[in-house]
Amino acid sequence: MSSSNIYDIIIIGGGVTGCTIARALCKYDIKVCLLEKEADISSGTTKANSGVVHAGYAADRKYVKRDLCIRGNKLYTQAAKELNFPFSRIGSFVCAVEPDQIKGLEEERKKGIEDGIHDLELILDKEQIRELEPNLTDEVLAVLHAPSAGIVSPYEMTFALAENAAMNGVKFFRNHEVIKIDHRDYTFTVTTSRGEFKGRNLINCAGLYAGKISKMLGLDYFDIMPRKGEYVLFDRNEIQLNKILFPVPTKISKGILVCPTMHGNTFAGPNAQNITDKEDTATTTAGLKEVLEGGKNLIPNLPLRASIRNFAGLRAVPDSYDFIIDNTDIYGFINVAGILSPGLTSCYAIAEKVLDFLELLGVQLKEKENYNPIRPKPQRLADMSKEELDKKIKENPAWGRIICRCETIPEAEILNAIHAPVGATTVDGVKFRCRPGMGRCQGGFCRPRVMEILARELHLPYQAITKKGEDTNLLVAKTKDVRLKEIKESVANK
Ligand SMILES: Cc1cc2nc3c(=O)[nH]c(=O)nc-3n(C[C@H](O)[C@H](O)[C@H](O)COP(=O)(O)OP(=O)(O)OC[C@H]3O[C@@H](n4cnc5c(N)ncnc54)[C@H](O)[C@@H]3O)c2cc1C
């Protein structure tokens with residue numbers, strides 16, 4: 001391999017952390033690639049979390065994650081403007097229901113204001129609370145209101161980051177699991193399940209597996225344990241919430257919140273359960289019961305019958321309980337590990353810190369002449385007036401072919417999701433980019449049609465289309481072929 005094939009920077013992991021760093025680096029005249037083990041980016045913790053952009057007062061001052069969260073929150077405004085992802089600063093409430101919890105909220109407020117979250121307010125007037133959030137329990141005595149807190153679609157933001165990074169030259173390699181790393185002569189040789197990559201600098205953003213990657217280079221100084229959080233999601237427009245609603249937090253978690261999403265759904269969750277299997281995202285009866293009870297403590301009229309999906313996400317919890325962002329003793333190797341909550345909020349601040357490290361390592365961050373920070377807003381039928389839609393359908397009839405009836409998603413949106421930079425190649429990839437299968441029927445009607453479109457556009461046989469990559473085939477054989485084989489076998493055995 002000639003030196004021109006050596007990347008300046010290789011990023012391992014295509015979650016929000018890796019993609020934000022990739023996007024921050026795409027501004028500069030350097031060669032960058034990102035390696036992701038799954039069939040799509042945003043397949044790990046980034047896919048299943050609360051999607052809350054926290055104000056930043058919640059973590060203890062001894063943790064670096066507190067500063068990065070406060071800074072990260074502020075950076076969202078500019079990022080959302082440039083990348084056009086769904087984000088809204090709707091504000092959060094932490095709800096005290098016991099008189100002795102109020103003092104704690106007042107302390108959080110004071111410390112938060114000292115640390116730059118100037119708009120925090122403690123509301124003690126029950127009428128005012130009710131006006132701001134009519135569905136909230138009558139038990140509430142006071143709330144800590146953080147107007148700068150917001151909600152974001154975490155996977156849509158991550159796709160936007162990757163698209164913009166790819167538009168500006170970053171190479172994405174999905175289905176590339178890093179299995180071995182060598183370091184010699186200031187060059188990293190990274191072996192994946194499908195090839196070999198060489199780079200001068202290496203950034204480890206492998207989420208739950210960041211410890212494993214670090215150990216490949218002999219650096220064994222932290223462990224990452226999974227902590228499961230389960231959720232119940234309710235159908236769109238069943239209940240209208242204005243704020244992100246938290247109980248007063250416990251020592252290990254922010255507690256079970258109730259929150260609207262950017263698409264008009266509501267969810268309750270997550271609980272917090274330490275587990276050992278890093279792939280175990282199954283929900284449990286006990287866990288969901290805990291989530292619903294927690295949710296009802298805040299919103300007594302949660303629309304239980306309108307629950308459309310349960311899911312779980314895994315927090316990557318390090319021994320230190322803090323982010324590990326280290327310019328390590330191995331020259332050019334940066335660990336960005338243990339990015340537990342509020343990692344989604346902090347991602348832009350984390351990327352700034354990583355860029356500082358790279359400058360210290362002597363990477364020349366010279367801005368490209370043709371850098372384009374804008375990722376165009378995806379065209380959505382839901383955003384169009386009738387006249388606009390009529391015009392669109394005349395230009396391209398795919399705007400008039402509705403594939404997902406629950407969410408009213410036309411074929412044109414699916415085509416755009418497939419043909420975007422770092423586009424969808426699986427059924428879930430389409431679902432998370434433009435929502436077919438996110439509605440009440442959960443894909444019962446539209447999934448076969450999405451598969452047909454994927455097969456046609458990617459020039460693959462229908463049977464080759466998977467839910468989310470290897471070993472998740474949705475079809476195994478034609479029904480008649482299976483039946484015929486069974487008949488032949490039974491005749492042969494007679
Ligand atoms: C229940 C829950 C609720 C949360 N709520 C919030 C919230 O409201 N607000 C907030 O700010 N934060 C929240 N978080 C935290 C936030 O989700 C995480 O901080 C963030 O998603 C971490 O992103 P990441 O990119 O570091 O990890 P991931 O998204 O897990 O990405 C790591 C990637 O690395 C890939 N990978 C792993 N090993 C390899 C390998 N060997 N080779 C190649 N690729 C590899 C994985 O496939 C994965 O795609 C929550 C987390 C959970 C679990």
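Helices and strands here are DSSP runs, at least four residues of H or I for a helix and at least two of E for a strand, and they are numbered from the N terminus. With that in hand, welcome to these exercises on a predicted model.

**Exercise 1. Around strand β16**

Task: Work out which strands β16 is joined to by bridges, which residues stand opposite Phe267, and whether the faces of β16 are covered or open.

Solution. 
- Step 1: Look at β13 (residues 224-234): three bridges join it to β16, and the two run antiparallel. In this pair, Leu233 has Phe267 as its bridge partner.
- Step 2: Turn to β15 (residues 257-260), which is antiparallel to β16 and joined to it by four bridges. Cys259 is the residue that stands opposite Phe267.
- Step 3: Follow the chain from β15 to β16. The two strands form a hairpin with five residues between them, and Gly264 in the turn has a positive phi of about 90°.
- Step 4: Sort the side chains, remembering that in a regular strand they alternate between the two faces of the sheet. On one side of β16 are Thr266 and Ala268, and on the other are Phe267 and Gly269; all are buried, and both faces are covered.

**Exercise 2. A three-stranded sheet**

Task: Give the strand order of the open sheet that contains β8, and name its edge strands.

Solution. 
- Step 1: The order is β3-β8-β4, with antiparallel pairing.
- Step 2: An edge strand pairs on one side only, and that holds for β3 (52-53) and β4 (87-88).
- Step 3: Check one of the pairings: β4 and β8 (residues 150-152) are antiparallel over two bridges. Phe87 has Val152 in β8 as its bridge partner.

**Exercise 3. The largest nonpolar core**

Task: Say which residues touch the most other members of the largest nonpolar core, which element gives the largest share, and why the core lies between two domains.

Solution. 
- Step 1: The core has 59 residues, of which Leu25, Phe85 and Ile203 touch the most other members.
- Step 2: Elements that give two or more residues include β1 (7-12), α1 (16-25), α2 (64-83) and α8 (343-360). The largest share, ten residues, is that of α8.
- Step 3: Both domain 1 (1-86 + 152-223 + 319-377) and domain 3 (381-464) give residues to this core, so it lies between them.
- Step 4: Zoom in on Ile203. Beyond its neighbours within four places in sequence, its contacts include Ile9, Ile21, Leu25, Val336 and Leu358.
- Step 5: Compare with the domain contacts: 14 residues of domain 1 are in contact with eleven residues of domain 3. The centres of these domains, taken over C-alpha atoms, are 29 Å apart.

**Exercise 4. The second largest pocket**

Task: Describe the second largest pocket by its volume and its lining.

Solution. 
- Step 1: The volume is about 730 Å³.
- Step 2: The pocket is lined by 31 residues, and the closest to its centre are Glu156, Pro378, Gln379, Arg380 and Glu413.
- Step 3: Two or more lining residues come from each of α5, α10 (411-419) and α11 (427-434). The largest share, four residues, is from α5.

Note on methods: Residues are numbered from 1 along each chain as its sequence is written. This is a predicted model: local features need pLDDT of at least 70, side-chain atom pairs count only at pLDDT 80 or more; totals for chains, interfaces and linings use all residues. Side-chain values use heavy atoms; hydrogens and water are left out. A nonpolar core is a set of buried Ala, Val, Leu, Ile, Met, Phe, Trp, Tyr and Cys residues joined through side-chain atoms within 4.5 Å. Buried means under 20% relative accessible area, exposed over 50%, partly exposed in between (1.4 Å probe, protein chains only). Domain bounds come from an automatic or database domain assignment. Contact means heavy atoms within 4.5 Å. Two strands pair if DSSP finds at least two bridges between them. On a 1 Å grid over the protein atoms alone, a cavity is a set of points where a 1.4 Å probe fits but cannot get out, and a pocket is an open set with protein on both sides within 12 Å along at least five of seven lines; lining residues have an atom within 4 Å of a point. Grid points are joined across faces, edges and corners, and a volume is the space filled by probe spheres set on the points.
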